[in-house]
Amino acid sequence: TCADLKDPKSGKFRSCLDCIADAAILVEKFTSGTNSDLIFKNKYPSLSLNIMTAGTDDLFDLLNHNEVDMVCILDNQIHDTTYVVVNEEEVDVHIVVSNKNPLSSQKDITITDLLSQSFLLTEKGMSYRRLFDEEMAKHKIEILPVLEMSNPESICKLVEEDLGISFLPDFVTNQSVENGRIVRLNVKGLNIKIWKQLLYHRDKWVNSQMKAIMNHLSNISIQ
C-alpha cells in the first residue's frame, strides 16, 4: 500500500535494464510525467531505487542469482516459465537513414540495396543488434559496421549527419523522424520483431514495494 511505501524503512528496489534498451528514456518516463499522480517519486518518496544496465544474458544471470529484483529486456519475446512477465509490448524497429541519403526517397528497397552503405550499429551480440545479425546471416550476409557503440541516441545523431545508416528501435528515432532529419526504410525481406518485457524470477518473493513498482511500470510504454 502507499502507507507501506512511505515508511522510511521500506528498503531498496533493484532493477536492471538492457544496456541498449535506451535506459535514459525508460528512466525518464519512470520518474516524470505531466500528471503528478503518475510520478512515481512523488507517490513513494521513501522508496530507494537502484537501476543498473547490462546485456540480456547478464540480466538473466543477475536475476537467477537474485542480484536484482526485476529486469527490463529489449530482445526476442521470452517464453520461459522460470520467469513471470509483468508487462510486455512489441517495439517497432527500422533501418534508418538521413534525409540526405538517396535511399530516403527510394521505394521497393531490398536487403541488397543496403550492402553499399556504411553501418553504424550498437555493440555486437547485444539485444537487437544480435537479432539484426542473425537475420542477415539467414541471407548469407555479414554486416561489418564502420562504427560500433553502446549508445543508440549517439548513433541516431550520427545518422542525422549522414555519416551512415543504422538499425534502431522507433522510440530512439521518433524525434528525428518527426523533424524530418531521419527516414525509416521498409526493407523487403527484413522481418525482425523485438519486445520490451518486464519480468522477475518465479521464486522471487514479491513485497509491497515491488508490487507498486510493477504496477507503475505496467502503465509505461516506450513507444
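Trainee: How many salt bridges does a search of the whole structure find?
Mentor: The search turns up 12 salt bridges. Keep in mind that this is a predicted model.

Trainee: OK, pick one. Which residue does Arg130 form a salt bridge with?
Mentor: Its partner is Asp75, and the closest N and O atoms are 2.6 Å apart. Arg130 sits in helix α6 (residues 127-138) and Asp75 in strand β3 (residues 70-75), so the pair ties together parts that are 55 residues apart in sequence.

Trainee: And Asp75, buried or exposed?
Mentor: Asp75 is buried, with a relative accessible area of 3%. Arg130 is partly exposed, at 24%.

Trainee: Is Lys138 buried or exposed?
Mentor: Lys138 is exposed, with a relative accessible area of 64%. Glu135, on the other hand, is buried at 8%.

Trainee: Now Arg181. Where does it lie, and where is Glu160?
Mentor: Those two form a salt bridge, with the closest N and O atoms 3.4 Å apart. Arg181 lies in the loop between α8 and β10 (182-185) and Glu160 in helix α7, so this pair ties together parts that are 21 residues apart in sequence. Glu160 is buried, with a relative accessible area of 14%, while Arg181 is partly exposed at 47%.

Trainee: Which residues do salt bridges with shared partners join into one network?
Mentor: That network is made of Lys124, Arg129, Asp133 and Glu148.

Trainee: You mentioned α7 and α8. At roughly what angle do their axes cross?
Mentor: The axes of α7 (residues 152-160) and α8 (residues 170-178) cross at roughly 30° and come within 10 Å of each other. The crossing is right-handed.

Trainee: Which residues make the contact?
Mentor: From α7 you have Pro152, Glu153, Cys156 and Glu160, and from α8 there are Val172, Thr173 and Ser176. Sorted by class, that contact has 3 nonpolar, 2 polar and 2 charged residues.

Trainee: Which α8 residues are buried?
Mentor: Asp170, Phe171, Val172, Thr173 and Ser176 are.

Trainee: And what follows α8?
Mentor: Gly180 does, and its phi is positive, near 85°.

Trainee: Changing topic: what caps the N-terminal end of α9?
Mentor: Asn207 is the cap, with a side-chain oxygen 2.8 Å from the backbone nitrogen of Met210. Met210 is also among the buried residues of α9 (residues 208-218), together with Gln209, Ala212, Ile213, Met214, His216 and Leu217.

Trainee: Last bit, the overall picture. How many helices and strands are there in the chain?
Mentor: The chain has 9 helices and 12 strands. It runs to 223 residues, and 46% of them count as buried.

Trainee: What share of the contacts comes from residues 24 or more positions apart?
Mentor: Counting contacts with a separation of 6 or more, those residues account for 79%.

How values were computed: Residues are numbered from 1 along each chain as its sequence is written. This is a predicted model: local features need pLDDT of at least 70, side-chain atom pairs count only at pLDDT 80 or more; totals for chains, interfaces and linings use all residues. Side-chain values use heavy atoms; hydrogens and water are left out. Axes are lines fitted to C-alpha atoms, for helices over the stretch in contact, and angles run from 0 to 180 degrees between N-to-C directions. Helices (H or I, at least four residues) and strands (E, at least two) are DSSP runs, numbered from the N terminus. A crossing is left-handed if the near helix is turned anticlockwise from the far one by less than a right angle, and right-handed if clockwise. Contact means heavy atoms within 4.5 Å. Ala, Val, Leu, Ile, Met, Phe, Trp, Tyr, Cys and Pro count as nonpolar, Asp, Glu, Lys and Arg as charged, and the others, Gly among them, as polar. Buried means under 20% relative accessible area, exposed over 50%, partly exposed in between (1.4 Å probe, protein chains only). A salt bridge is a side-chain nitrogen of Lys or Arg within 4 Å of a carboxyl oxygen of Asp or Glu. A polar contact is a pair of N or O atoms within 3.5 Å; within protein, one must be able to donate a hydrogen and the other to accept it, and residues adjacent in sequence count only if both atoms are side-chain atoms.
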